Amino acid sequence: MKHIVLTGGGTAGHVTPNIALIPALREKGYEISYIGSYDGIEKKLIEEMNIPYYGIASGKLRRYFDLKNFSDPFRVIKGFFQAKKLMKRLNPDVVFSKGGFVSVPVVLAAKSRKIPALIHESDMTPGLANKLCISSASKICCNFPETVGMLPADKAVLTGTPIRKELLNGSKLEALRFLHFTSDKPVIMIIGGSLGAASVNDHIRKILPQLLKEFQVVHLCGKGKLDASLENTEGYVQFEYIKQELPDLFALADIVISRAGANAICEISALHKPNLLIPLPSKASRGDQLLNARSFEKQGLSMVLEEEEITNETLLNAIHELYKNRQTYIDAMCRSKQMDSITHIVNLIEECARG
């Protein structure tokens with residue numbers, strides 16, 4: 001039996017594409033193992049799928065000063081030796097990495113054992129973790145055409161991002177029952193990412209009384225970011241994180257407000273949901289979300305409102321404009337060519353495993 005090691009973690013965006021690949025890999029007869037961090041979000045998500053999970057030490061490589069910059073390199077080195085030991089023990093045919101800092105020691109360990117590794121870059125510009133892995137990778141899967149030109153020509157392949165097929169099969173009726181919403185008012189869904197987006201949450205809650213006059217709101221606000229004062233507010237339901245019911249919530253949503261992480265916006269686009277993107281500002285990131293958002297805006301797939309531009313008035317106006325013009329965005333998303341990313345990536349995995 002062929003054996004693949006999947007890796008990636010830190011946020012749900014570094015795990016969900018791996019999860020999307022798992023059914024296809026199982027169909028191809030792969031035994032699957034997963035290497036992630038000791039206690040990242042990936043551990044819970046993967047263990048729920050009955051896949052053997054191995055935790056290793058990981059450290060974040062920061063572009064800014066932090067005292068942990070002195071200790072984290074040692075954690076990365078420790079993670080490398082742990083991953084190397086696991087590679088020897090598991091002896092996989094191939095490794096697939098979705099990024100995040102835990103993936104760096106795994107990809108480097110695979111190279112040291114002469115095991116082919118593929119990495120996937122969702123954002124337009126490669127993140128630091130993937131940059132460190134490029135020389136050790138056999139192939140680099142990309143989401144944006146612009147990214148291909150930034151990478152070695154013999155390695156970069158435009159594949160798109162794997163979308164979980166279960167997201168396409170949600171039930172509006174089940175969502176109405178689950179949320180106790182009525183069918184006579186449109187629904188806004190707000191997604192802050194698996195770690196939440198505190199500033200987006202705050203802005204939404206400030207205009208909630210006005211929103212609830214016209215809309216019902218389901219708010220995925222991130223771990224530890226629930227607002228107890230809003231419990232039992234009619235037409236408003238908040239969750240830290242949703243997994244099983246997520247397809248139903250998407251099916252019900254008339255419009256979506258989201259950060260601009262590449263995996264999230266690709267899922268939203270594949271579901272043809274009119275969306276307002278509020279990218280993480282460049283001062284709080286490396287600017288990848290701004291680039292992702294502007295690319296989708298240019299293609300007519302999204303509206304964009306930068307965080308620095310948000311006031312109660314601009315946010316309300318953007319939401320009303322998006323809802324009014326929702327069909328324009330739906331039409332653009334329907335015309336947009338959706339790649340069969342799962343088949344494409346699994347074929348690349350097969351080639352590398354055979355090679």
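I began with helix α8, residues 198-206, and listed its buried residues: Val-200, Asn-201, His-203, Ile-204 and Arg-205. I am working from a predicted model, so I keep that in mind throughout. Next I looked up what covers those buried residues of α8, and found that the cover includes the strands β8 (187-191), β9, β10 and β11 (255-258), along with the helices α9 (208-214) and α13 (312-324).

**The six-stranded sheet**

Several of those strands turned up again when I traced the sheet. Six strands form an open sheet with parallel pairing, and I wrote down the order as β10-β9-β8-β11-β12-β13. Which strands stand at the edges? They are β10 (236-239) and β13; each has a single partner strand, so one side of each is left without a neighbour in the sheet.

Strand β9, residues 216-220, pairs with β10 in the parallel sense over four bridges. Val-218 stands opposite Val-237 in β10. Checking the side chains of β10, I saw Tyr-236 and Gln-238 pointing one way and Val-237 and Phe-239 the other way, and all of them are buried.

**Cores**

My next stop was the largest nonpolar core, which has 62 residues. Those with the most contacts inside this core are Ile-188, Met-189, Phe-250, Leu-276, Leu-315 and Ile-319. Another core lies apart from it, with 28 residues, among them Ala-20, Leu-45, Met-49 and Phe-96.

Leaving aside neighbours within four places in sequence, Ile-188 is in contact with Leu-211, Phe-215, Gln-216, Val-217, Val-218, Ile-255, Ile-257 and Ile-319.

**Leu-301**

Is Leu-301, in a loop, buried or exposed? I placed Leu-301 in the loop between α12 and β13 (303-304). Leu-301 has a relative accessible area of 2%, which is under the 20% cut-off, so I count this residue as buried. Beyond neighbours within four places in sequence, Leu-301 is in contact with Ser-269, Asn-275, Phe-296, Tyr-329, Ala-332, Met-333 and Ser-336. I also checked a distance: the C-alpha atoms of Leu-301 and Ala-251 are separated by 18 Å, and the two residues are 50 apart along the chain.

**Strand β1**

Then I went to strand β1, residues 3-7, where five of five residues are buried. His-3, Val-5 and Thr-7 point one way from β1, while Ile-4 and Leu-6 point the other way. Strand β1 runs parallel to strand β2, residues 31-37, and five bridges join the two. In this pair I found His-3 opposite Glu-31 in β2.

**The second largest pocket**

I finished with the second largest pocket, which holds about 650 Å³ of space. How many residues line the second largest pocket? I noted 26, with Asn-143, Gly-160, Lys-337, Gln-338 and Met-339 nearest its centre. By class, the lining has 12 nonpolar, nine polar and five charged residues. At least two lining residues come from each of α6 (145-148), α11 (262-270), α12 (288-298) and α15 (341-354).

Notes: Residues numbered from 1 in each chain as written. Predicted model: local features only at pLDDT ≥ 70, side-chain atom pairs only at ≥ 80, totals over all residues. Heavy atoms only, no water. 1 Å grid on protein atoms, 1.4 Å probe; cavity = no way out; pocket = protein on both sides within 12 Å on 5 of 7 lines; lining within 4 Å. Points joined across faces, edges and corners; volume = space filled by probe spheres on them. Nonpolar A, V, L, I, M, F, W, Y, C, P; charged D, E, K, R; others polar. Core = buried A, V, L, I, M, F, W, Y, C linked by side-chain atoms within 4.5 Å. Buried < 20%, exposed > 50% of the residue type's maximum accessible area, 1.4 Å probe, protein only. Contact = heavy atoms within 4.5 Å. Pairing = 2+ DSSP bridges.
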